[in-house]
Amino acid sequence: MKIEIVNCGHQPLPQYATEQSAGLDLRANIDAPIVLRPLERRLIPTGLHIALPPGYEAQVRPRSGLALKHGITVLNAPGTIDADYRGEIGVVLINLSDQDFTVNDGERIAQMVIARHETAEFIEVEVLSETERGEGGYGHTGIK
């Protein structure tokens, strides 16, 4: 799949780390380091603008290494970039640790997954069909 991209920043274009990676690395495109204090959230710019084909979205997800090692995650994960959005891709990072974390220019801050989606059409009915689960919600299957 080919996706048009405008790079208004100074970082390389997103790349897959391996041949079978699902996510492309997104990098911080900033003029000076940004310090995230504990529980602080910031919108980190990437300098990238994309044009997705209709029927596709880009999902912005946390990087597992940042989450495990530093408690840094994407606050609205997964963030959705719609096919008709043309603005700059920004990543909302939050520091869930008890220590300051510095985001440096060029640092890989998130990953982006391109995914196909369907457009739903709701059909209003009076009653839904019955299933074995029924209305069982959170924890309805027990602990074991």
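Trainee: Which residue is the bridge partner of Pro45 in β9?

Mentor: A strand is a DSSP run of E with at least two residues, a helix is a run of H or I with at least four, and both are numbered from the N terminus. In β9, Gly90 is the bridge partner of Pro45. The model is predicted: local features need pLDDT of at least 70 and side-chain atom pairs count only at pLDDT 80 or more, while totals for chains, interfaces and linings use all residues. Residues are numbered from 1 along each chain as its sequence is written, and side-chain values use heavy atoms, with hydrogens and water left out.

Trainee: How many bridges join β4 to β9?

Mentor: Two strands pair if DSSP finds at least two bridges between them. Here 5 bridges join β4 to β9 (residues 90-95), and the two strands run antiparallel.

Trainee: What is the strand order of the open sheet?

Mentor: The order is β4-β9-β7, an open sheet of 3 strands with antiparallel pairing. β4 (41-45) and β7 (72-74) stand at the edges with a single partner strand each, so one side of each has no neighbour in the sheet. From one strand to the next, the twist averages 35°, where axes are lines fitted to C-alpha atoms and angles run from 0 to 180 degrees between N-to-C directions.

Trainee: Which pattern does the protein follow along the sequence?

Mentor: The pattern is β-β-β-β-β-β-α-β-β-β-β-β, with 1 helix and 11 strands. The radius of gyration is 19 Å, well over the 15 Å that the globule rule gives for 144 residues, so the protein is more spread out than a compact globule. That radius is taken over C-alpha atoms, and the rule is 2.2 Å times the number of residues to the power 0.38. Along the principal axes, the C-alpha atoms fill a box of roughly 55 × 40 × 30 Å.

Trainee: Which residues touch the most other members of the largest nonpolar core?

Mentor: A nonpolar core is a set of buried Ala, Val, Leu, Ile, Met, Phe, Trp, Tyr and Cys residues joined through side-chain atoms within 4.5 Å; buried means under 20% relative accessible area with a 1.4 Å probe, protein chains only. Of the 25 residues in the largest core, Leu26, Ile44, Val91, Leu93, Val103, Ile109 and Met112 touch the most other members. β11 gives the most to this core, with 3 residues.

Trainee: Which residues does Ile109 touch?

Mentor: Contact means heavy atoms within 4.5 Å. Not counting residues up to four places away in sequence, the residues that Ile109 touches include Leu26, Ile44, Arg63, Leu66 and Val91.

Definitions and conventions: Buried means under 20% relative accessible area, exposed over 50%, partly exposed in between (1.4 Å probe, protein chains only).
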